[in-house]
Amino acid sequence: MAKTFQSVELHYEKQGSGLPVVLLHGFPFDHRIWRAQIDALSRDYLVIAPDLRGHGQSPVPAGIYDMSQLAGDVAALLDELGIDQAVWVGHSMGGYVTMAALREADDHVTGAALVATQPLADTHDKRVQREESAKVAEQNGPTNIAHSMLGAIFSPKVEGSDPLAQRMYEIMVDTSPTGIAGALRGMAERPDSTDVLKNASVPVLVVAGEDDQIVEVDLAREMADMIPGARFELIPDAGHMPMVEQPEQLTQALRGFLESID
Ligand code: MLT
């Protein structure tokens, strides 16, 4: 039976008009990672970029953030805005949220773009590691997580001293330790979404960064292969953050997908 959750009112940015497109950031970021896509896509589409609960300026309730609960918050936001359906663009954890929406709130989804994400549940070791990281965040704040993420999110072309790395670091250390712990524990509990994707009845785009060290390209490609009619785009010279490493290429990939739906 589907669990029921109390949604929270998300902070969001909204720009443009036309086909609604919701941009969901990964962990532990907020909507600011989508700056280039918000500005470019809002020329032709209604772009909504929320901060997921526990992130950015959205409420930070205590507890475990089930991916369905995060999807429910986004569905409630769309309802509040009078939007029946949107194309959900999910980056990494935002992709897990998009898959949860396909599982439990697919009446809100007209299409799904899965960016630098994958459908498998965590292994036992990964769950243990997430719990350790959650405790570190609760005890010491966000800096340890932000440092370790910084070492893994970019293609080798982005040096630690790059202003881009600094910007991403600043977003990560802005994230509340309670939000970080809630998201880590929620990701650890998420189910496998393979069947959801195999049965997807909306258009799907899969985007992978060629140098992604967090989601291997082969896994992203396998995911695209299992989804009926899915498009696959590989972004060269990008790691886990194509929206900031190669913003124009990612925008182009999204634009092509949105044009095919609109
Ligand atoms: C993310 O970027 O959202 C995370 O790396 C996803 C994860 O830890 O599984």
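Guide: This is a predicted model. Start with one side chain: a polar atom in that of Tyr-96 lies 2.6 Å from a ligand oxygen atom.

Visitor: How should I read a distance like that?

Guide: Compare it with a cut-off. A pair of N or O atoms within 3.5 Å counts as a polar contact.

Visitor: What lies 2.8 Å from an oxygen atom of the ligand?

Guide: Take the backbone, then a side chain. A backbone N or O atom of Met-93 lies at 2.8 Å from a ligand oxygen. A polar side-chain atom of Arg-130 also lies 2.8 Å from an oxygen atom of the ligand.

Visitor: How much of the ligand's accessible area does the protein cover?

Guide: On its own, the ligand has 270 Å² of accessible area, and the protein covers 94% of this.

Visitor: Which residues surround the ligand?

Guide: Read the shell in sequence order. Gly-26, Phe-27, Ser-92, Met-93 and Tyr-96 are among them. Arg-130, Met-149, Met-187, Ile-214 and His-240 also surround the ligand. By type, the shell has six nonpolar residues, three polar and one charged.

Visitor: Which pocket does the ligand take up?

Guide: The ligand's space is the largest pocket. The volume of this pocket is about 650 Å³. It has 26 lining residues, and those closest to the centre are Tyr-96, Lys-126, Gln-129, Arg-130 and Ile-214.

Visitor: Which element gives the most to the lining?

Guide: Helix H4 does, with four residues. Elements giving two or more are H3 (93-104), H4 (124-140), H5 (143-150) and H7 (177-189), each a helix. By type, the lining has 13 nonpolar residues, eight polar and five charged.

Visitor: Now the backbone. Where is there a cis peptide bond?

Guide: Look at the omega angle. Phe-27 and Pro-28 are joined by a cis peptide bond, with omega about -10°. Pro-28 is in the loop between strand E2 (20-24) and helix H1 (35-41). Phe-27 is also one of the residues surrounding the ligand.

Notes
Residues are numbered from 1 along each chain as its sequence is written. This is a predicted model: local features need pLDDT of at least 70, side-chain atom pairs count only at pLDDT 80 or more; totals for chains, interfaces and linings use all residues. Side-chain values use heavy atoms; hydrogens and water are left out. A residue is near a molecule or strand if one of its heavy atoms lies within 4 Å of it. A polar contact is a pair of N or O atoms within 3.5 Å; within protein, one must be able to donate a hydrogen and the other to accept it, and residues adjacent in sequence count only if both atoms are side-chain atoms. Accessible areas come from the Shrake-Rupley method with a 1.4 Å probe; for residues, only the protein chains shown count as cover. On a 1 Å grid over the protein atoms alone, a cavity is a set of points where a 1.4 Å probe fits but cannot get out, and a pocket is an open set with protein on both sides within 12 Å along at least five of seven lines; lining residues have an atom within 4 Å of a point. A molecule sits in a cavity or pocket if more than half of its atoms lie within 2 Å of its grid points. Ala, Val, Leu, Ile, Met, Phe, Trp, Tyr, Cys and Pro count as nonpolar, Asp, Glu, Lys and Arg as charged, and the others, Gly among them, as polar. Grid points are joined across faces, edges and corners, and a volume is the space filled by probe spheres set on the points.
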